[in-house]
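Here's a quick tour of a single-chain model, meant to be read with the structure open beside it. Grab your viewer and follow along.

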Amino acid sequence: IMLALGDAFPRCRVTAIDRPGHGHSDPRRRPSVFEQADLFHAAAAEMGLVAPVVVGHSLGGAIALAYGERHPGDISGVVAVAPLAYPGWGPAHVDRAIRGAPLLGPALSNTVFGLTDGALMRAGLRLAFSPQAPTEAFRRVVGVGLLSRPAPMVADGADFTRASFDLQRLSARYADYPAPVHVVIGGKDRILQPKRQGLRLAEALPDVRVTTEPELGHMLHHFA
């Protein structure tokens with residue numbers, strides 16, 4: 001998401017932090033949404049960021065919401081882009097639960113699953129970007145190779161499995177959420193349906209603004 005933000009706001013300071021186990025960060029076994037929020041808060045303090053706007057996309061949206069809930073006095077607000085805001089289980093969660101399982105997940109990701117992960121990731125990115133196509137900048141800077149390595153696939157599985165439980169706690173407190181939130185959603189999101197996630201979140205929060213891009217999907221921040 002920071003790739004898109006850096007281009008959209010050239011006069012602003014945009015600071016990107018890889019979640020544990022993703023990008024070029026070191027893996028950390030099953031960090032909770034709340035633990036990740038505290039890690040990012042500590043990193044922001046160490047870098048001298050004053051009252052930042054905390055932006056998160058998809059699962060990162062859940063972490064941004066946890067950040068705002070735990071440290072409201074230290075931020076200007078939260079922007080939740082196509083956020084994962086409520087727990088839910090479906091076919092995709094089964095794969096992620098297997099990926100995140102201790103011993104089994106790494107073993108399969110480094111053997112059987114590793115044979116097909118590249119193709120599956122390409123298909124998943126097409127679905128995430130739909131109805132648009134993945135941008136050339138995304139392909140060049142991020143790419144399938146970085147995302148489909150065994151370690152990030154295991155980390156992703158652990159994150160989503162843990163988040164499904166963490167969001168039960170967090171969502172129960174949305175009515176008393178202590179920070180302003182801007183929810184940004186794509187009307188054609190095929191990954192996290194707006195009615196079940198972003199729009200539902202907006203209805204629950206006390207201080208919220210909503211922007212909907214009706215012709216964009218889950219990766220709307222690359223186009224809006």
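This is a predicted model: local features need pLDDT of at least 70, side-chain atom pairs count only at pLDDT 80 or more; totals for chains, interfaces and linings use all residues.

Residues are numbered from 1 along each chain as its sequence is written, and side-chain values use heavy atoms, with hydrogens and water left out. The chain has 10 helices and 4 strands; here helices (H or I, at least four residues) and strands (E, at least two) are DSSP runs, numbered from the N terminus.

**Overall layout**

- Of the 224 residues in the chain, 46% are buried, where buried means under 20% relative accessible area, exposed means over 50%, and partly exposed is in between (1.4 Å probe, protein chains only).
- Among contacts (heavy atoms within 4.5 Å) with a separation of 6 or more, 76% are between residues 24 or more positions apart.
- The chain exposes about 11400 Å², with carbon and sulfur atoms supplying 57% of that; accessible areas come from the Shrake-Rupley method with a 1.4 Å probe, and for residues only the protein chains shown count as cover.

- Strand 3 is largely enclosed by the rest of the structure, because 6 of its 6 residues are buried.
- Both of its faces are covered: Val-181, Val-183 and Ile-185 are buried on one side, and His-182, Val-184 and Gly-186 on the other.
- Strand 2 (residues 77-81) runs parallel to strand 3 and is joined to it by 4 bridges; two strands count as paired if DSSP finds at least two bridges between them.
- In that pairing, Val-78 sits opposite Val-181 of strand 3.
- Strand 4 also pairs with strand 3 in the parallel sense, over 6 bridges, and there Gly-186 stands opposite Glu-213 in strand 4.

**Helix 3**

- Helix 3 covers residues 59-70, so to speak a 12-residue run, and reaches 17 Å from its first C-alpha to its last, close to the 16 Å expected at 1.5 Å a residue.
- That expected span is 1.5 Å times one less than the number of residues in the helix.
- With 11 of its 12 residues buried, helix 3 is largely enclosed by the rest of the structure.
- The buried residues in helix 3 include Leu-59, Ile-63, Leu-65, Tyr-67 and Glu-69.

**Salt bridges**

- There are 4 salt bridges by the rule used here: a side-chain nitrogen of Lys or Arg within 4 Å of a carboxyl oxygen of Asp or Glu.
- One of them joins the side chains of Arg-173 and Glu-69, at 2.6 Å from N to O. This pair links distant parts of the chain, 104 residues apart, with Arg-173 in the loop between helix 9 (150-171) and strand 3 (181-186) and Glu-69 in helix 3.
- Glu-69 counts as buried because its relative accessibility is 19%, whereas Arg-173, at 32%, counts as partly exposed.
- Lys-188 and Glu-215 form another, with their closest N and O atoms 2.9 Å apart. Here too distant parts of the chain are linked: Lys-188 is in the loop between strand 3 and helix 10, and Glu-215 is in the segment after strand 4 (208-213), 27 residues away.
- Both ends of this pair are partly exposed, Lys-188 at 38% relative accessibility and Glu-215 at 47%.

**Around Asp-166**

- Asp-166 is buried at 4% relative accessibility, while Arg-162 is partly exposed at 28%.
- Ser-32, in the loop between helix 1 (2-8) and helix 2 (33-46), touches both Arg-162 and Asp-166, leaving aside residues up to four places away in sequence.
- Ser-32 is itself buried, with 4% relative accessibility.

**A nonpolar patch**

- Leu-199, Val-208 and Val-210 make a nonpolar surface patch of about 180 Å².
- Patches are made of residues with over 30% relative accessible area and no salt bridge, with like charges joined within 9 Å and nonpolar side chains (Val, Leu, Ile, Met, Phe, Trp, Tyr) within 5 Å.
- Leu-199 belongs to helix 10 (residues 198-204) and is partly exposed at 31% relative accessibility.
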